[in-house]
Amino acid sequence: QIQKDSYILGPGDELYIYFLNNQEYNGNYKIINDGTISLPFINSVFISGKTLQESTIFIEERLNKEFINAKIFINLTKTRPIKVSIIGEVVRPGFYSLDAAKNATNITKETNLTSGLPTLVDLIKRSGGITNNSDLENIELVRKLSDSSPYKYKKTKVNFIKFLFEGDQSQNPNLFDG
């Protein structure tokens, strides 16, 4: 299920890195446009396209060249806008940037039911809604996978009728970049 997949890091994400034995280096680090973060002793490290767990292992391996038994913990403190495209029977098909922070409130400042990572409902709403020709039982969702995955993309089918009429939340998955 796409909802259970790990978040894939990319430029614009902000991380808090906790250095277990070297707490003076604890702090916020941002992934810059080239996909790297700058860390003490190991300089720029490319982590774009990796999950938090993969990044932790990758960084610890590099730190172990400088420290004995380096151990870190990484928390994602701020996500970048999610870039997705939608094609097919929607009012305005195209490429959209969905910001998780802006997802929590709408233009009239009323609380929105969908906060956190953007969902399929958020994308459909942003694209102007469905058309009369939409086949809501056969929506295909394609997601980019981690760089370490043997596959580049993952596909799944979504039955939006189950979400609308039965309240099946698994048919309204979180969207991830790409």
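Glu61 counts as partly exposed in this predicted model, with 45% relative accessibility. The partner of Glu61 is Arg62, and the closest N and O atoms of this salt bridge sit 3.7 Å apart. Arg62 is partly exposed too, at 30%.

That pair is one of five salt bridges in the structure. Another brings together the side chains of Lys71 and Glu60, at 3.8 Å from N to O. Since Glu60 belongs to helix H1 (52-63) and Lys71 to the loop between H1 and strand S5, this bridge ties together parts 11 residues apart in sequence.

Arg80 is buried at 7% relative accessibility, and Asp13 is buried at 0%. Shared partners join Asp13, Arg80 and Asp177 into one salt-bridge network.

On to the pockets. The largest pocket holds about 640 Å³ of space. Its lining is made up of 28 residues, with Ser85, Ile86, Ile87, Ile139 and Glu140 nearest the centre. Strand S6 (82-86), helix H2 (120-126) and strand S8 (139-144) each supply at least two lining residues, and S8 gives the most, with five. By class, the lining of this pocket has 17 nonpolar residues, six polar and five charged.

Conventions
Residues are numbered from 1 along each chain as its sequence is written. This is a predicted model: local features need pLDDT of at least 70, side-chain atom pairs count only at pLDDT 80 or more; totals for chains, interfaces and linings use all residues. Side-chain values use heavy atoms; hydrogens and water are left out. On a 1 Å grid over the protein atoms alone, a cavity is a set of points where a 1.4 Å probe fits but cannot get out, and a pocket is an open set with protein on both sides within 12 Å along at least five of seven lines; lining residues have an atom within 4 Å of a point. Grid points are joined across faces, edges and corners, and a volume is the space filled by probe spheres set on the points. Helices (H or I, at least four residues) and strands (E, at least two) are DSSP runs, numbered from the N terminus. Ala, Val, Leu, Ile, Met, Phe, Trp, Tyr, Cys and Pro count as nonpolar, Asp, Glu, Lys and Arg as charged, and the others, Gly among them, as polar. A salt bridge is a side-chain nitrogen of Lys or Arg within 4 Å of a carboxyl oxygen of Asp or Glu. Buried means under 20% relative accessible area, exposed over 50%, partly exposed in between (1.4 Å probe, protein chains only).
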